[in-house]
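This report is for a reader opening the structure for the first time. Please keep the sequence and the 3D view at hand.

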Amino acid sequence: DRLAELRDRGQLVVDEFSSDGHSLVFDLNPLPYARAHTAIVSESEFTDGTVRRVTEKSIKPLLFSRPFVIFGNPLSLALLREFGFQTFHPIFDEAYDEVSDPVLRLVLVNELITRIATMDKGELLQLSNHTQEVCAFNRRFLLSGGAIARYWSLCIAPILQWMRHGVG
């Protein structure tokens with residue numbers, strides 16, 4: 001049973017939580033990503049969508065060229081696409097991203113992760129081949145600064161505009 005095999009491997013820690021303050025934002029350890037086929041991102045919130053954001057947790061797999069599934073708020077994948085990144089539809093069923101009900105979204109994300117976790121080596125190799133181009137694009141886009149420019153125009157500029165004209 002593949003799930004039992006994965007459980008027996010033990011925990012794979014990406015971020016060391018003994019770090020102080022916000023240093024996790026800057027901690028970039030490539031070793032766990034090198035060992036993992038797919039990154040399972042546990043975002044800071046898992047709400048009904050009243051908060052719309054992604055953190056560095058969702059950006060790290062982009063840097064390390066890994067496909068990812070996000071346990072986060074609805075429209076997290078849509079937000080990454082707005083920033084200019086590509087996601088993995090139709091390779092992964094990303095319908096979970098549009099579900100506002102956290103319980104149903106959790107079920108859908110869990111089903112996707114279980115499907116990936118129970119793939120045999122041949123299926124994982126095929127999945128790697130299918131996701132390789134998207135992973136390479138995301139890394140190039142991130143390192144080129146394109147994502148920063150999009151983030152600035154979509155997130156920072158509207159705040160600055162509001163501060164200049166909306167506060168009186």
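Predicted model: local features only at pLDDT ≥ 70, side-chain atom pairs only at ≥ 80, totals over all residues.

## Helix α6

Helix α6 covers residues 121-144. At 1.5 Å a residue, its 24 residues should span 34 Å, and the C-alpha atoms at its ends are 33 Å apart, which agrees.

## Where α3 meets α6

Helix α3 is formed by residues 56-63, and its axis comes within 8 Å of the axis of α6. The two cross at roughly 110 degrees, so α3 is roughly perpendicular to α6.

On the α3 side, the contact uses I59, L62 and L63. On the α6 side, C135, N138, R139, L142 and L143 take part. Sorted by class, the contact has six nonpolar residues, one polar and one charged.

## Backbone features in the loops

The loop between α3 and β2 (68-71) contains S65. This residue is not a glycine, yet its phi is positive, at about 55 degrees. S65 is partly exposed, with a relative accessible area of 24%.

L75 is in the loop between β2 and α4. L75, again a residue other than glycine, has a positive phi near 70 degrees. Its relative accessible area is 34%, so L75 is partly exposed.

P90 is in the loop between α4 (76-82) and α5 (102-117). The peptide bond joining H89 and P90 is cis, with omega about 10 degrees.

Conventions. Residues numbered from 1 in each chain as written. Heavy atoms only, no water. Axes fitted to C-alpha atoms, helices over the stretch in contact; angles between N-to-C directions. Helix = DSSP H or I, 4+ residues; strand = E, 2+ residues; numbered from the N terminus. Parallel < 35°, antiparallel > 145°, perpendicular 65-115°, else oblique. Contact = heavy atoms within 4.5 Å. Nonpolar A, V, L, I, M, F, W, Y, C, P; charged D, E, K, R; others polar. Expected span 1.5 Å × (residues − 1). Buried < 20%, exposed > 50% of the residue type's maximum accessible area, 1.4 Å probe, protein only.
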